[in-house]
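Visitor: Hi, I have just opened this one. Can you walk me through it?
Guide: Gladly. Have a look first, then ask away.

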Amino acid sequence: MNTTSRRGELHLRNDEQVKVFALEAARFTIGRGPENSLCLPHGVVSRLHAEIVRLGDDYMLRDLGSTNGSFVNSGRVSEQMLNDGDLLRFGHGGPELDFVLVVTSGMLYAEPATERHPKSTTTNLIESLSGRVMPTDPSDEANTRRVLAEAHLNQGQPARALEMLDKYAQPSALDKLSTPYRASVLLWLGRSYIEAKQYDLALETLMQSLGNYAEVNDEAGGAEVHASLGRALIGNGELLAGRDHLQRATLAARRAGNARLLADAHYLLGKVEWKEGDFEGARYHWLRAARLAETTTDAVLRARVKMQEAFVLYAEARLKEAVPLYQEVIEQFKELKHVRLLVKAYSGLSRVHARLGSWGAAARLVDERLQLAEAEKLAKAEALAYTDLAELKLYQGDLGEARKAIQNAIAKHGDSIYARTQRVLGRIHLASGERTQAIEEIEKGLATAREKGALEEQVLCELKLANIYLDQKEFDKAVTYITSAEMSTSLDPSLGLAGRVIFTRANLYAAQKHNAEANRGYAQSLSIFQSIGDVYRTGQCEAAIGELRLQTGRLESARAHFERAQAIFAKLGATGELHRIEARLTAGLLVSVQGALTQTMPNASKTAFLSLARPAAEKGATAMLTTPQTILLAIGQGELADLMGRGLEAENYVVERVQDGKTGLAMVIGKERNFSLLILDALLEFKSGFDVCRELRKAKLETPVILLGSRHGIEDKIEALQAGADDFLSKRNLVFEELLAKMEALLR
């Protein structure tokens with residue numbers, strides 16, 4: 001009986017000579033560095049470029065995050081099972097080698113190998129390797145198990161990856177392996193522990209792997225371990241130690257020319273910076289990660305980095321921009337069959353839809369998340385989906401379903417405490433009139449958020465506690481939480497969070513009967529929520545302004561704001577809020593009052609140009625309901641200034657025009673005229689509109705201010721509100737009706 005074996009070789013042709021490299025080791029590395037099994041000193045070859053792994057009788061080429069890529073038969077690949085006669089190239093225009101697979105037998109000749117894998121396609125590793133008997137050689141078996149574990153992790157299946165590598169948790173199995181294989185297996189076992197959230201086991205295993213890589217002086221392998229240690233430490237809340245390991249990984253990956261590892265390290269460093277509040281630093285690292293990821297063949301890494309870009313858009317309240325990016329990422333994770341990251345992408349998109357007021361779409365996404373998480377037994381993902389479901393039910397006023405969902409979330413979390421779940425549980429207690437339990441649960445969530453560096457949850461817990469204490473007239477406690485939230489958001493890119501902090505501070509002013517300050521805060525937060533499309537909180541602002549107007553006896557204005565809030569909550573299906581508004585509208589003095597806004601405010605114009613045309617009947621209504629008020633219009637010369645001046649005069653306003661900031665400031669501070677409202681151009685001569693506004697507020701002058709900026713970006717709006725302006729409009733595509741609406745809201 002003849003015995004046969006299959007042996008792989010690489011043939012390098014040079015000046016009609018062929019140099020043969022036998023692939024005898026279970027792992028054969030290729031790169032520019034002298035430490036590789038095959039050193040290719042070429043400019044486009046990375047220091048550790050690729051590896052060929054022996055899997056029983058088969059061979060697989062794997063790119064190791066090279067800058068210029070690995071190619072099989074002209075097609076760029078991340079991993080590819082090899083066939084006899086495949087042409088391998090390392091880098092664009094780099095060295096080319098033939099892969100030759102020969103079958104040797106007991107006879108004295110070699111037979112050509114038959115093709116076992118389709119050319120130019122990436123074979124599904126799990127399907128091709130799972131059914132076969134494991135190799136008897138310990139190194140071959142370790143390689144096969146490692147590759148299978150990696151494939152399972154790439155599909156978000158850490159439990160199956162651990163099944164593949166579990167035997168190497170025993171010293172007896174590790175002792176059979178040489179140091180390089182022991183290091184590699186421990187690395188992937190540690191990564192599997194990370195994905196399974198078993199951080200202590202991951203840290204212990206990865207430190208063993210690091211020691212083995214150091215023993216054989218494998219710097220690239222050490223860089224992989226440092227990156228994984230950084231990930232484990234971040235998951236464990238040890239940010240400083242995590243940053244140290246990631247910086248080491250970055251240096252090693254740069255020396256090795258490993259773009260994939262460098263992108264992954266930048267991605268993780270961005271998460272550290274974000275958690276520590278350095279948002280510009282986080283953006284820098286994520287931008288670097290995105291650029292580097294595009295140069296690799298790692299589809300999971302590219303999609304993961306893109307999902308982080310979508311998260312940044314969500315955090316910056318650019319909600320409508322985040323939607324298509326999340327949708328793109330969801331399709332990519334579906335194609336990759338990466339369930340864990342798919343569930344995470346669904347979570348991000350559902351929260352965006354909830355903020356936009358698309359509660360039906362958000363609910364559908366939560367249902368899909370629950371089905372996926374239950375099918376894959378992802379307990380944490382189930383818990384977070386139940387938490388989101390509880391919050392949606394709470395918005396809709398369905399306390400019974402909200403309580404049921406949050407109880408499911410807590411059961412899935414087990415002994416772990418998550419800030420978001422505790423905060424939502426506290427809100428449910430509060431809606432049920434259980435204030436003591438609400439405070440207790442939200443304080444638990446706040447402690448967890450601070451421990452984990454979860455800034456958004458920390459701020460939201462602080463604001464919720466502040467509002468509870470405001471209702472109890474415990475102003476000192478409320479001020480403590482509001483001040484802490486303001487400090488946390490002072491450098492935060494999230495305009496939505498800033499709006500919520502301003503709104504809560506306005507609640508404090510209203511509770512203390514400081515109506516002017518409360519009015520300013522509500523107007524600012526309303527402007528923010530309208531600009532970012534946060535429909536629910538826009539309704540909350542309208543209701544709060546209505547309440548303030550009611551307390552000061554401005555009944556027409558109060559009714560108008562309540563009606564707006566009513567329309568918003570009715571459209572959303574927020575039954576709890578809707579019932580409270582309807583109770584206000586059907587009680588007391590408001591029953592017989594017509595809403596002034598419904599008579600004086602027309603629908604916004606659809607034109608992209610400044611329009612002064614309004615129906616004569618509406619102009620007459622405005623004139624009858626208002627006495628002439630004096631407006632300071634500080635804007636430079638030009639057609640826009642003339643049109644605005646004539647338009648405001650046509651609306652029964654007395655307009656005083658100036659062309660520079662210095663003159664306008666002197667007129668207001670000198671009290672030459674008693675101005676009801678100021679309209680300031682941000683780019684005035686001598687003093688900008690921002691500077692004029694700051695000096696007015698410094699002088700304790702509370703005249704309402706609308707700033708006009710040249711851009712439509714968030715930066716101008718933030719600067720305007722921080723300078724003390726009550727509202728902001730862009731001069732680009734200015735709609736006159738919108739300006740009038742904002743003026744009328746401030747002048748009531």
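**A first tour**

Guide: Start with a side-chain pair: the side chain of E457 makes a polar contact with the side chain of R423, at 2.8 Å. A polar contact is a pair of N or O atoms within 3.5 Å; within protein, one must be able to donate a hydrogen and the other to accept it, and residues adjacent in sequence count only if both atoms are side-chain atoms.

Visitor: What kind of model is this, and how are residues numbered?
Guide: This is a predicted model, where local features need pLDDT of at least 70, side-chain atom pairs count only at pLDDT 80 or more, and totals for chains, interfaces and linings use all residues. Residues are numbered from 1 along each chain as its sequence is written, and side-chain values use heavy atoms, with hydrogens and water left out.

Visitor: Back to E457. Which helix is E457 found in?
Guide: E457 is in helix α19, residues 455-471. Helices (H or I, at least four residues) and strands (E, at least two) are DSSP runs, numbered from the N terminus.

Visitor: Is E457 buried or exposed?
Guide: E457 is buried, at a relative accessible area of 12%. Buried means under 20% relative accessible area, exposed over 50%, and partly exposed in between (1.4 Å probe, protein chains only).

Visitor: What is E457 in contact with, beyond four places in sequence?
Guide: A419, R420, R423 and A449. Contact means heavy atoms within 4.5 Å.

Visitor: What is the mean pLDDT of the protein?
Guide: The mean is 81, and 86% of the residues reach 70 or more. pLDDT is the predictor's confidence in each residue, from 0 to 100.

Visitor: Where is confidence lowest, and where is it highest?
Guide: Helix α26 (residues 596-600) is lowest, with a mean of 33. Helix α17 (residues 419-431) is highest, at 93. Residues 117-123 also have pLDDT below 50, and that stretch has 19 contacts in the model beyond near neighbours in sequence. For residues 594-626, pLDDT stays under 50, and the model has 57 contacts there beyond four places in sequence.

Visitor: New topic: sheets. What is the order of the open sheet with mixed pairing?
Guide: The order is β4-β3-β5-β6-β9, five strands. The edge strands are β4 (38-39) and β9 (79-81), each pairing on one side only. Two strands pair if DSSP finds at least two bridges between them.

Visitor: How many bridges join β6 and β9?
Guide: Three, in the antiparallel sense; β6 covers residues 58-63. M60 has M81 in β9 as its bridge partner.

Visitor: Which helix packs on that sheet?
Guide: Helix α2, residues 138-154. Helix α2 touches β3 (27-31), β5 (50-55) and β6, and its direction makes about 115 degrees with that of β5. Axes are lines fitted to C-alpha atoms, for helices over the stretch in contact, and angles run from 0 to 180 degrees between N-to-C directions.

Visitor: And what is the order of the open sheet with parallel pairing?
Guide: That sheet has five strands, in the order β14-β13-β15-β16-β17. β14 (654-658) and β17 (727-730) have a single partner strand each, so one side of each is left without a neighbour in the sheet. From one strand to the next, the twist averages 20 degrees.

Visitor: Which helix lies across β13, β14 and β15?
Guide: Helix α29, residues 661-669, running at about 135 degrees to β14. Below that, strand β13 (residues 630-634) pairs with strand β15 (residues 677-681) in the parallel sense over four bridges. L633 stands opposite I679 in β15.

Visitor: What about the loop between β7 and β8?
Guide: N73 is found there, between β7 (70-72) and β8 (75-77). N73 is not a glycine, yet its phi is positive, about 55 degrees. N73 is partly exposed, at 26% relative accessible area. S74 is placed in that loop too. Phi of S74 is near 75 degrees, also positive in a residue other than glycine. S74 is exposed, at 60%.

Visitor: Last one: how many disulfides are there?
Guide: Zero, in a search of the whole structure. A disulfide is a pair of cysteine sulfur atoms within 2.5 Å. C461 is buried at 0% relative accessibility, and C541 is buried with a relative accessible area of 0%.
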